[in-house]
Amino acid sequence: MRPAHAFLAVLVAAVWGVNFTVIEIGLGHFPPLLFSALRFLLAAVPAVFLVGRPKTARRWIVAVGLVLGVAKFGLLFVGMDAGMPAGLSSLVLQVQAVFTALVAGLVLGERPSPVRVLGMAVALAGIVVAALDEGTSGPLGAFVLVLGAAACWGVSNVLTRKAAPPDALNFMVWVSTVPVLPLLGLSLLLEGPRRDVDALRGLDWQGAGTVAYVAWVTTVLGFGAWGWLLRRHPASTVAPFSLLVPVFGMSSAALFLGEGIGPLRWCAAALLVGGVAVMSSAPVRRTAAPCAQEGPADGRAVPGEPPPGSSGEAGMPKAVSAEGGRR
């Protein structure tokens with residue numbers, strides 16, 4: 001990989017990592033479900049008028065939009081608002097790689113090698129340590145919500161693989177159109193019209209800036225750049241850069257939000273990142289799939305969906321990110 005391309009990969013990881021701190025700030029301005037809806041609205045408009053017609057079957061756009069946009073980000077934002085710290089969120093979402101591998105085994109017939117199973121076990125040990133850390137310092141319920149978000153992300157990764165989108169940016173923008181109305185409806189139902197209206201009336205430059213960052217910088221530019229890299233380099237070359245996401249996530253949270261990083265959290269980070277790294281380096285063996293796969297079956301990366309074991313922000317090209325959390 002050229003130095004300029006490597007720099008771009010690190011820059012995307014930094015953007016996705018800092019995203020958690022930005023979301024933590026944004027949750028001080030918006031209810032979580034409204035914030036998520038605004039994020040997707042701004043990511044979709046006006047980009048949807050610029051990227052052309054969908055290049056992927058609409059059923060996959062709708063399925064990924066509901067699982068990723070509504071379920072994954074709904075749980076994530078609510079969990080963060082309930083007290084899940086930004087830095088820890090960026091770390092815990094790494095376990096989406098384990099959920100992706102498990103769902104892919106059931107749906108796509110991908111049988112993990114012993115090395116990948118070892119990586120899963122190490123990553124899950126990191127989750128246990130992270131849960132112990134959060135259980136002693138914050139609400140365990142918020143931790144469970146973010147863990148549920150990681151599970152939904154794993155499902156959306158497999159859906160994206162089956163969709164095999166030829167254009168990651170086009171797919172991401174069209175997927176972003178799906179969650180807007182469901183999230184707005186859930187916000188009105190669960191958070192209340194008054195709270196939503198008060199948040200919009202009190203909108204200031206800081207609040208607007210957080211929405212713009214998570215929508216345009218993180219979602220559109222981040223995934224556009226990641227998809228561009230995946231089209232020019234093997235997924236095995238690009239994906240490891242996503243392991244930097246929790247590094248930037250925890251560092252930015254410590255720097256800008258004053259979040260402490262104790263011994264248990266460092267231990268959880270080492271186990272999780274190490275386990276995911278082992279998973280991403282191990283081969284996948286395919287058995288007779290329970291249902292036919294609609295994408296490449298030769299191990300090549302599907303545009304916009306790196307192999308299990310990488311980590312990300314919005315769940316298309318994998319690169320884990322978790323987003324914000326308030327105590």
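How many residues does α2 have, and how far does α2 reach from its first C-alpha to its last? The answer is 13 residues and 19 Å, close to the 18 Å expected at 1.5 Å a residue. (That expected span is 1.5 Å times one less than the number of residues.) Before going on, a word on what you're looking at: this is a predicted model, where local features need pLDDT of at least 70 and side-chain atom pairs count only at pLDDT 80 or more, while totals for chains, interfaces and linings use all residues. Residues are numbered from 1 along each chain as its sequence is written, and side-chain values use heavy atoms, with hydrogens and water left out.

Let's take the overall picture. The protein has 14 helices and two strands; helices (H or I, at least four residues) and strands (E, at least two) are DSSP runs, numbered from the N terminus. Of its 327 residues, 55% are buried, where buried means under 20% relative accessible area, exposed means over 50%, and partly exposed is in between (1.4 Å probe, protein chains only). The protein exposes about 12600 Å², and carbon and sulfur atoms supply 72% of that; the areas come from the Shrake-Rupley method with a 1.4 Å probe, and for residues only the protein chains shown count as cover. Now count the contacts (heavy atoms within 4.5 Å) with a separation of 6 or more: residues 24 or more positions apart account for 88% of them.

Back to α2. Here 11 of the 13 residues are buried, so the helix is largely enclosed by the rest of the structure. The buried set includes P32, F35, R39 and F40. What covers these buried residues includes α1, α3, α8, α9, α10 and α11 (205–232). Follow the chain out of α2 and you come to P46, in the loop between α2 and α3. The peptide bond from V45 to P46 is cis, with omega near 10°. A164 also has backbone geometry to look at: its phi is near 50°, a positive value in a residue other than glycine. That residue sits in the loop between α7 (140–163) and α8. For background, most residues other than glycine have a negative phi, and most peptide bonds are trans.

Leaving out residues up to four places away in sequence, F35 touches I23, G26, L27, F30, F77, T210, V211 and V214.

Next stop, α9 (residues 180–191), which packs its buried residues against α2 (32–44), α3 (58–81), α8 (168–177) and α10 (193–201). Those buried residues are V180, L183, S187 and E191. Seen down the axis of α9, they fall within an arc of 70°, so they line one face of the helix; the arc is that of the directions from the helix axis to the C-beta atoms. Why does such spacing work? An α-helix has 3.6 residues a turn, so residues three or four places apart point the same way. On the other side of α9, L181 and L189 are exposed. Just after the helix, G192 takes a positive phi of about 95°. You can see a glycine with a positive phi just after α5 (residues 96–107) too: there, G109 has a phi of about 70°.

G17 is buried, with a relative accessible area of 0%. Setting aside neighbours within four places in sequence, G17 is in contact with V245, F248, G249 and S252. V247 is partly exposed, at 45% relative accessible area.

Finally, the cysteines. A search of the whole structure finds zero disulfides, taken as pairs of cysteine sulfur atoms within 2.5 Å. C152 is buried, at 18% relative accessible area, whereas C267 is partly exposed, at 36%.
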